There are 2 protein chains.
Amino acid sequence: MASTPREAPDDQAAKPLLAVLKGERRDPPPVWMMRQAGRYLPEYRELREARGGFLDLVYDSDAAAEITLQPLKRFALDAAILFSDILIVPFALGQNLTFVGGEGPRLTPQLATTPLDKLTPVPARLDPIYATVARVKAQLEPAKALIGFAGAPWTVATYMVAGQGSRDQSETRLLAYRDSGAMQALVDRIVATTVDYLCGQIDAGADAVQLFDSWAGSLAPVEFERWAIAPTAAIVDAVRARRPGVPIIGFPKGAGGKLGAYARETRVDAVGLDETVDPRWAHRELPGDLPVQGNLDPLALRAGGDHLARSVAAILDAFAQRPHIFNLGHGILKETPIAHVDELMAIVKGAR
Amino acid sequence: MASTPREAPDDQAAKPLLAVLKGERRDPPPVWMMRQAGRYLPEYRELREARGGFLDLVYDSDAAAEITLQPLKRFALDAAILFSDILIVPFALGQNLTFVGGEGPRLTPQLATTPLDKLTPVPARLDPIYATVARVKAQLEPAKALIGFAGAPWTVATYMVAGQGSRDQSETRLLAYRDSGAMQALVDRIVATTVDYLCGQIDAGADAVQLFDSWAGSLAPVEFERWAIAPTAAIVDAVRARRPGVPIIGFPKGAGGKLGAYARETRVDAVGLDETVDPRWAHRELPGDLPVQGNLDPLALRAGGDHLARSVAAILDAFAQRPHIFNLGHGILKETPIAHVDELMAIVKGAR
């Protein structure tokens with residue numbers, strides 16, 4: 001899907017994940033898992049208890065680098081993904097960010113009641129993230145890729161407007177219907193900062209980047225074009241112009257039947273599929289050379305057993321003729337037994 | 001999409017909704033709104049305050065018939081939909097049903113902890129619903145259709161297992177992964193009762209029936225085939241065999257890219273589209289003669305204004321060559337201004 005010339009760094013051929021993102025098929029496919037550095041790992045839970053809250057860990061580059069690398073010490077994963085959070089961008093845009101135990105993140109002031117121009121951006125809040133990326137890169141084996149990431153503008157906006165996670169993202173969708181100008185100003189601001197942020201991660205050593213549009217699924221079709229596709233396309237174009245050759249994965253969770261339009265119109269290098277997508281349908285619907293990533297149901301991994309083996313086989317089979325990165329359809333669940341991940345890795349890597 | 005012979009009652013030609021369900025195009029299209037008998041109407045709120053809780057109203061056939069007809073007194077809707085609830089089936093299957101103010105329904109005992117065979121079915125709990133249907137039918141103008149309904153087995157099962165609404169339906173999805181035999185037994189039980197229930201509504205006067213699969217969207221693809229498509233197909237076949245000629249609308253909310261498979265494999269007479277479906281994509285994806293129903297974002301109706309007019313026009317335009325019933329993509333929101341519904345009706349009926 002690359003429509004602009006790329007400078008391919010020498011080491012890319014050695015990294016299976018990058019090879020697939022450039023359009024090669026690999027058998028077995030490279031594999032990583034969303035939220036692979038997280039609470040299902042006892043070593044993560046230990047470090048978190050010892051060193052404090054979630055945001056403290058993100059901003060402690062030593063700890064964040066260690067956490068990023070933890071899952072690669074256990075499993076034959078082909079990529080590390082930066083341990084961080086999509087709400088770092090709102091934090092850099094000037095909102096206060098806290099994580100309330102058990103209730104999730106809080107951003108203040110919420111933009112539902114405070115105009116955007118009351119926020120004073122603090123770009124330096126991005127710098128420790130770059131330090132983490134550099135630390136991970138220095139310790140990563142050459143065959144492993146390092147994935148940086150950001151939230152897609154729509155998803156980030158839903159948190160900035162509501163000040164927290166929200167059911168059906170109604171508050172932000174309503175703002176978009178009632179005052180699309182204000183919504184556009186917010187999205188434009190997020191786009192600009194996200195471009196800088198992703199370029200900064202790339203400069204620090206990220207081999208590829210992923211845009212998480214976790215709440216794309218609640219958008220009506222015309223809104224999806226304006227708030228999910230268009231801002232993603234703007235980021236893709238800008239990052240590609242400034243840092244050519246670095247693949248960009250788009251993950252529009254819940255896009256459903258709008259997945260084909262997303263893939264064609266955003267010009268991302270690869271599309272992440274959530275667990276509700278039928279891989280056979282996706283293979284028919286998406287451009288034939290487009291790499292895809294996904295899409296095992298995290299609940300099937302938690303449940304394990306015969307069903308897990310069959311689910312994995314169905315995905316591998318559906319994407320047997322296409323560049324494919326094996327992944328979950330969303331983040332690994334904290335209740336997932338380690339033994340089930342071992343089993344998954346064995347199946348994907350063909351050991352059984 | 002009728003694949004079996006139908007006996008067409010004489011009055012069907014006079015009901016625009018039934019004509020479209022039989023495959024005719026009507027311009028302007030017939031229109032109704034999911035949850036059109038509900039809390040956005042001041043006359044409903046008054047009656048509810050005066051006469052008690054939600055379930056009391058459902059089981060008071062006089063009140064339920066009055067509520068069913070309320071929206072048709074205000075708006076030029078082409079159909080009434082029975083005022084009832086999808087949890088009447090679990091109630092008839094022997095669970096206790098209560099509606100806790102502000103928290104939604106509760107079913108006890110929940111099947112996550114109690115075996116199905118501990119429930120003692122109480123089929124007579126369905127009878128008052130048939131009485132309501134008959135009362136509505138007796139008062140309905142000939143050009144208006146009466147729609148009966150039930151929850152689709154997967155959606156009903158999620159409430160029966162968890163005992164209430166649940167985030168991502170995880171408990172029930174996990175049961176399906178871990179003990180598909182137990183899940184199948186539950187779904188088979190729901191299928192059998194739902195067939196009886198829909199036939200009972202038809203015998204009492206329902207002109208068409210709709211199956212609401214409100215939580216179809218959380219199912220992984222293989223699970224979607226087993227728990228959304230297969231039980232719906234079983235109901236469609238059985239109802240069609242027992243009551244030929246009565247159209248069945250399937251509404252698989254959140255089916256996304258699996259919508260085409262749902263339409264082809266369930267053999268429903270029409271497919272309801274949720275508000276996230278791009279109507280242009282649906283028109284390409286679905287069989288050309290299949291009637292569709294939908295799919296305005298209820299939040300766009302709540303917001304009103306120019307955007308509402310444009311959204312409605314886009315839907316009408318996309319389905320200009322196909323049998324189409326105008327509807328929302330899910331239930332009307334209780335905050336919706338009456339004036340916005342008037343505006344919607346004027347646009348759809350071509351008055352502006």
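Which residues are buried in α6(B)? In this predicted model, helix α6 of chain B comprises residues 127-139, and its 13 residues reach 19 Å from the first C-alpha to the last, close to the 18 Å expected at 1.5 Å a residue. Within α6(B), the buried residues are I129(B), T132(B), V133(B) and V136(B). Because these residues cover an arc of only 100° around the axis, they are placed on the same side of α6(B). The cover over the buried residues of α6(B) includes the helices α4 (61-74), α5 (88-92) and α9 (180-204), together with the strands β1 (79-81) and β4 (145-151), of chain B.

The contact between the chains draws 28 residues from chain A and 28 residues from chain B. On the side of chain A that touches chain B, two or more residues are given by each of α8 (170-178), α10 (221-242), α12 (279-285), α13 (298-303) and α14 (306-318) of chain A, and the largest share, five residues, comes from α8(A).

As to the relation between the two copies, chain A is superposed on chain B by a rotation of 180° with 0.0 Å of shift along its axis, at an RMSD of 0.0 Å. The two copies are thus related as by a two-fold rotation axis. Of the interface residues of chain A, 100% are also interface residues in chain B, and the copies therefore meet through the same surface.

Definitions and conventions
Residues are numbered from 1 along each chain as its sequence is written. Chains are lettered from A and ligands numbered from 1 in the order in which they are written. This is a predicted model: local features need pLDDT of at least 70, side-chain atom pairs count only at pLDDT 80 or more; totals for chains, interfaces and linings use all residues. Helices (H or I, at least four residues) and strands (E, at least two) are DSSP runs, numbered from the N terminus. The expected span of a helix is 1.5 Å times one less than its number of residues. A residue is buried if 20 or more other C-beta atoms lie within 10 Å of its own, exposed if 12 or fewer, and partly exposed in between; C-beta atoms are placed from the backbone. The arc is that of the directions from the helix axis to the C-beta atoms. Two residues are in contact if their C-beta atoms, placed from the backbone, lie within 7 Å. Copies are superposed by least squares on the C-alpha atoms of residues with pLDDT of at least 70 in both.
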